[in-house]
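Subject: Structure handover

Hello,

Here is the structure you were expecting. Please open it alongside this note, and my findings follow below.

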Amino acid sequence: MENKNITEKDDVVIRFSGDSGDGMQLTGTLFSDTAALQGNGISTFPDYPAEIRAPQGTVAGVSGFQVHFSDHRVQTPGDYCDVLVAMNPAALKANICWLKKDATIIIDGDSLDEKSLAKAGYTTLDPFAELGIADYNIIVPDITTMTKEALKDFDMDMKSVVKCKNMFALGICLFMFNKPLEHPIEYIEAKFGKRNPTVAEANIQVLKAGYNYAHNTHAFANTYDVHAADLPKGRYRSVNGNQATAWGFIAASEKSGRPLFCGSYPITPATVILEELAKRRDLGVKAIQCEDEIAGICTAIGAAFGGSFAVTTTSGPGFSLKSEAMGLAVITELPLVVVDVQRGGPSTGIPTKTEQGDLFQALWGRNGECPMIVIAASTPCDCFEYAFTAGKLAMEHMTPVVLLTDGYIANGSQPWKIPSMKDYPEIHPPIITSLPEDEPAFLPYKRDEKTLARRWALPGTPGLEHRIGGLEKHFLKGSPSHDPHNHEKMVRLRAEKVARVADYIPAQTVYGDPEGDLLVVGWGGTRGHLESAVDHMRREGKKVSLCHFNYINPLPHGVADIFSRFKKIVVCELNEGQFANYMRMSFPQFRYEQYNKVQGLPFTKEELVENFNQLLQK
Amino acid sequence: MSELKYTVADFKSDQEVKWCPGCGDYAVLSAITKAMPQIAANSNVDHSRFTVVSGIGCSSRFPYYVSTYGFHGIHGRANAVATGLKTANPNLSVFVTTGDGDSLAIGGNHFIHAIRRNIDLNVILFNNEIYGLTKGQYSPTSKLGKITKTSPYGTVERPFNPGELVIGAHGTFFARSVDAEVALTTECMVEASKHDGMSVVEVLVNCMIFNNGTHKAFAGDKDVRAEHTITLHHGEKMLFGKDMNKGLMLDNMKLKVVTVGENGVTLDDILTHDAHEKDTMIHVMLAGMKYPEFPVALGVIRNVAEPTYEHEVERQIAEVSAQSKIKCVDDLLNSGETWEVK
């Protein structure tokens, strides 16, 4: 790397973009894994269209993958990018709004022909002038031509040759940021080596060609080095939110001794949870793909009745379909976790984009008085904690739990310090194995005095035969009862059982000082952005703190005390104010400002900081 | 193995049965409480392993009227709940009591997919061709033109024949009985429980209040049944009639009713019932026979062996876990690409 200027940087965001068939997700993942292996702090986010293969070369078909890597812990995939890799002019156009002012753009020169420019909706032959970015650092290597050249001795058809061009772009980026080629090479060998050695060899050849091209050209005279982050010592891996959710459930199963059952139906962006669980036959997981969403939850309820730790996983539309059955789980008082990976709604909405619009549905979207525990994960990694906790609460309190995540944390990935299961608590479901002496006949709705949880009697246990179902239950016998006072008693018992969970979850905490001028309130997957915006404000000496919620129903203890110590409260969420209104209902003594965004996108730190500053000045 | 000895009383519950007087469902209840002790003895199933799952409708009250484990679900979902229960615990003997509305209308999807998976559920489908619990609306099995509260000018929908539906979906077991034939219903249930895989026993039941006499033309009394139904037994000739001289034969790929001794027809011309035939064609034809042209087929029409869903799941778990290096969550979390921060 002689004759090169190496500049040190603390923080870089790269966005890889191209046609949805160009392999941008893989390119981005290989880059971020390489950076993670080098010890960088990492956060990534894929941004892909709903169509699997939208018309080639159009703006609608652009698929992106953003990698934020740093010499410190990173909380978000970054708002704007330092480097944009665009495989065609459509990709450039689609991402123009995400460029930093001094960004570097690497675009395949072969893609800038008249036809492609027209397809991407350009009206002139100079895309850079047309987009007003002519003075940016634009590098236009002929990636397709050089890929073909690198593979001229390979016995491959042209389509397969051109498919390798993403590796050329990856090679350039690895050189630019002083990253080694080992990891991508190992990955390609492992993935294609046995099945298709020619493809493996070709990809590696092109990867090296890209790297060497960058090395040999003046366009990349400046390279950058991002040092390893000062992360806590230990073994790390990369994990996305859906994976972590699936694994958290398996952990809860292990700690409770109850076999894990998952009944689900494929739906974006939740499907990966089912896919992860389906792999785990080796751990005895029974994950079944059902005929529909309703069957997903109903099979799970059947499995819960049979003694499994049962979960069902979905996104908004499927969550709607499961509503009636959630009521069945509430009245039968069976443990169950329903995961809603939220996406933009209503209806089919914007399925591949993130949103927090299902909060009210989670809290109240069922017929009758039908309280459920609602908790929300806030980062890709902590999906593991909250999936585990959802299972623990469901089983120990004998009640269904809604776990909310969202498309952003579900698809986003972070390095994760691998936890050890010895540090996790045992889970003690109230399973009963024989008829107690003081009960002449088994009373399925007799409760624990503290938690109000009923006992879990599993079919197959002699002497505990009983019947439960969707009809209102006699408060002890569990037989159908239409008695008016019994119904009222049961409605209140079910609510009280959920309310008492507040005694078993951590008290609410505040990030930053316990008092100040502005308290930022958020919940779920916005944590990273809110934290980084609050950090930014605090570095500027502003008295801003964050109160971020993971436990939503019941609310943790200590909230009112925190709220009372700030002059202003602003509730920030990716919907039109559902949590803000929930706060107005729960703590009406405070005044709440709102900051809402419903664009299918996460917050940006920049817009949050701007809004907080305005609030402080008011 | 010690044989488990139970009596009918062991399976009756203390709950007051709340069906209308004269309802055909009582006969099905009687049949199942007779069948369960036999099943327990045959298959060495402990009382505590019987579980009855239902949806919503008159038939779905059933779990409260037997003393086994029971789950009364929501409308249409009995087969889904039961699928989860049986997959989670294959040791249970799972019965589903459901109706023509519960399993063929609102729950039609779960019904056909449970059949497709061949999960070992014993489904008892009460077919009274009407919605009783909601007080008299037409069902997916109501006859074309049926006048009900929601079809005051007669239905304009063709009904399902449950047997054609089950066998058309390559169901592995289908039997049919009528409420009055308690012994036959009991026998069908016992056979269904012996069958590994999804079994559907359709029981034609009479709703005294909203659809009285819907099956009467062929099932009204013993004499009528003798002439207008045929009870099939595997390996036996397909004969019926009070003199057992009528039979079925194949003529130009279609079933035909003939009389032995007339027009040169001999016993050799009469079909022999093969419930184990995997090809669905003859079973669909038998299940589809309609009064008055044909006798309505009763008994076990189809009973073929195929791998069951829950068994295949267990087999995969055994095979994959034997080969996998991942034995616990710690192994899982540390699998794949990891790195050390020092």
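Start with Leu403(A). Leaving out residues up to four places away in sequence, Leu403(A) touches Val337(A), Val339(A), Ile375(A), Ala377(A), Tyr386(A), Ala387(A) and Ala390(A). Keep in mind throughout that this is a predicted model.

**Nonpolar cores**

Leu403(A) belongs to the largest nonpolar core, which has 191 residues. Ile301(A), Leu403(A) and Val520(A) have the most contacts inside that core. Domain 2 (237–423) and domain 3 (516–617) of chain A each give at least three residues to this core. There is also a second, separate core of 59 residues. Ala94(A), Met146(A), Leu174(A) and Val206(A) are among its residues. As background, nonpolar side chains in soluble globular proteins tend to be buried together.

**Domains of chain A**

Chain A is assigned domain 1 (6–225), domain 2 (237–423) and domain 3 (516–617). How far apart are the C-alpha centres of domain 2 and domain 3 of chain A? They lie 26 Å apart. The contact takes 25 residues from domain 2 of chain A and 19 residues from domain 3 of chain A.

Look at the domain 2 side of that contact. Helix 15 (359–364), strand 14 (373–376), strand 15 (400–406) and helix 17 (407–411) of chain A each give two or more residues to it. Strand 14 of chain A has the largest share, four residues. By class, this side of domain 2 of chain A has 15 nonpolar, seven polar and three charged residues.

**Where the chains meet**

The chain contact involves 57 residues of chain A and 50 residues of chain B. On the chain A side, these elements supply at least two residues each:

- helices: helix 1 (24–37), helix 10 (241–256), helix 12 (293–305) and helix 14 (323–332) of chain A
- strands: strand 9 (234–240), strand 10 (260–264), strand 11 (286–289) and strand 19 (467–469) of chain A

Which element gives the most to the side of chain A that touches chain B? Helix 12 of chain A does, with nine residues. The chain A side divides into 28 nonpolar, 16 polar and 13 charged residues.

**A helix pair in chain B**

Now turn to chain B. Helix 2 (residues 78–88) of chain B packs with helix 4 (residues 108–117) of chain B at an angle of about 40 degrees. Their axes are 7 Å apart. That angle makes helix 2 of chain B oblique to helix 4 of chain B. Helix 2 of chain B makes the contact through Asn79(B), Ala80(B) and Thr83(B). Helix 4 of chain B brings His110(B), Phe111(B) and Ala114(B). The contact residues of this pair divide into three nonpolar, three polar and no charged.

**Lys9(A)**

Lys9(A) sits in strand 1 (residues 5–9) of chain A. Is Lys9(A) buried, exposed or partly exposed? Lys9(A) has 14 other C-beta atoms within 10 Å, so it counts as partly exposed. Setting aside neighbours within four places in sequence, Lys9(A) is in contact with Tyr224(A) and Val226(A). Lys9(A) and Asp71(A) are 62 residues apart in sequence. In space they are 8.1 Å apart, C-alpha to C-alpha.

**Backbone points to check**

Most residues other than glycine have a negative phi, and most peptide bonds are trans. Here are some exceptions.

A cis peptide bond joins Thr268(A) and Pro269(A), with omega about 0 degrees. Pro269(A) is in the loop between strand 10 and helix 11 (271–279) of chain A. The bond from Asn553(A) to Pro554(A) is cis too, with omega near -5 degrees. Pro554(A) is in the loop between strand 22 (551–553) and helix 20 (559–563) of chain A.

In chain B, look at two asparagines. Asn118(B) is not a glycine, yet has a positive phi of about 55 degrees. Asn118(B) is in the loop between helix 4 and strand 4 (122–127) of chain B. Asn118(B) has 24 C-beta neighbours inside 10 Å, so it counts as buried. Asn263(B) also has a positive phi, about 50 degrees. Its loop runs between strand 10 (254–259) and helix 9 (281–287) of chain B. Asn263(B) has 7 C-beta neighbours inside 10 Å, so it counts as exposed.

Best wishes

Definitions and conventions
Residues are numbered from 1 along each chain as its sequence is written. Chains are lettered from A and ligands numbered from 1 in the order in which they are written. This is a predicted model: local features need pLDDT of at least 70, side-chain atom pairs count only at pLDDT 80 or more; totals for chains, interfaces and linings use all residues. Axes are lines fitted to C-alpha atoms, for helices over the stretch in contact, and angles run from 0 to 180 degrees between N-to-C directions. Angles under 35 degrees count as roughly parallel, over 145 as roughly antiparallel, 65 to 115 as roughly perpendicular and the rest as oblique. Two residues are in contact if their C-beta atoms, placed from the backbone, lie within 7 Å. Ala, Val, Leu, Ile, Met, Phe, Trp, Tyr, Cys and Pro count as nonpolar, Asp, Glu, Lys and Arg as charged, and the others, Gly among them, as polar. A nonpolar core is a set of buried Ala, Val, Leu, Ile, Met, Phe, Trp, Tyr and Cys residues joined through C-beta atoms within 7 Å. A residue is buried if 20 or more other C-beta atoms lie within 10 Å of its own, exposed if 12 or fewer, and partly exposed in between; C-beta atoms are placed from the backbone. Domain bounds come from an automatic or database domain assignment.
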